[in-house]
Amino acid sequence: MASCRHYTVLVVVFVLEVVDLFCDWLFYTQVKDSNEVYIIKHDYLQWIILAVASLGSLTFVFEMINLAKEMFSTMESRVLPDTVSMVSTWVEDVPQIAVALTIALNTQEVVHWIQYVKAVWAMVEVAVRALGQCVYCCKLSDRPNRGMNYFVALSKFIAQTVVLGCSVGIFLRLLKMRD
């Protein structure tokens, strides 16, 4: 039987991922339609954003199914949720925020207000996920190999540090462009 904690975790992860996914797709449409010289000259950036947003959509579906199966089914999932989250961060969040930082550093104007939202939301998501990762690693994980818990937590921490650094860089660059 699922507890209140299970529903809370599922809702929090769902909201974090849906907002992130919405920002990724809106950012793609704004970059695709941008008249910025840098973006036009480097048109491959829109294809990278499209590929990463598409991959993000797939990882979102897989992460939600895996998490729900882990929490609400008597059958255990094949992949632990923290591992799925770690892989998702490395293959979707890190490339997306790196491209967003590249665009912010090389354009003359803000492409769209979504750049602010992406930067701030990434910081919020890192904080929430870092707290959740610590609690999961230290208290909730039932892996027999605690070393694997620490490896996944460290890998996720490094990825989140990259995302946080890029987000702060984007936010500072956007504020500087605003002045």
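**A chat about the nonpolar patch**

Modeller: A quick note before we start: this is a predicted model. Let's begin with the nonpolar patch, where H6 gives the most, with four residues.

Biologist: Which helices each supply at least two residues of the patch?
Modeller: Those are helix H3 (44-72), H4 and helix H6 (146-178).

Biologist: And which residues form the patch on the surface?
Modeller: Leu 55, Leu 58, Val 87, Trp 90, Val 91, Leu 154, Phe 157, Ile 158 and Val 162. Together they have about 770 Å² of accessible area.

Biologist: Let's pick Leu 55. Where is its place?
Modeller: Leu 55 sits in helix H3. Leu 55 counts as partly exposed because its relative accessibility is 34%, which falls between the 20% and 50% cut-offs.

Biologist: New topic: Ser 88. Buried or exposed?
Modeller: Ser 88 counts as buried, because its relative accessibility is 3% and buried means under 20%. You'll find Ser 88 in helix H4, residues 81-106.

Biologist: What does Ser 88 touch, not counting residues up to four places away in sequence?
Modeller: Ser 88 touches Thr 59, Glu 63 and Asp 93.

Biologist: Zooming out, how many helices and strands are there in the chain?
Modeller: The chain has six helices and zero strands. Of its 179 residues, 46% are buried.

Biologist: And how much accessible surface does the chain have?
Modeller: About 9,800 Å², and 70% of that belongs to carbon and sulfur atoms.

Key. Residues numbered from 1 in each chain as written. Predicted model: local features only at pLDDT ≥ 70, side-chain atom pairs only at ≥ 80, totals over all residues. Heavy atoms only, no water. Buried < 20%, exposed > 50% of the residue type's maximum accessible area, 1.4 Å probe, protein only. Contact = heavy atoms within 4.5 Å. Patch = residues over 30% accessible without salt bridge, like charges linked within 9 Å, V, L, I, M, F, W, Y side chains within 5 Å. Areas by Shrake-Rupley, 256 points an atom, 1.4 Å probe, with all protein chains shown as cover. Salt bridge = Lys/Arg side-chain N within 4 Å of Asp/Glu carboxyl O.
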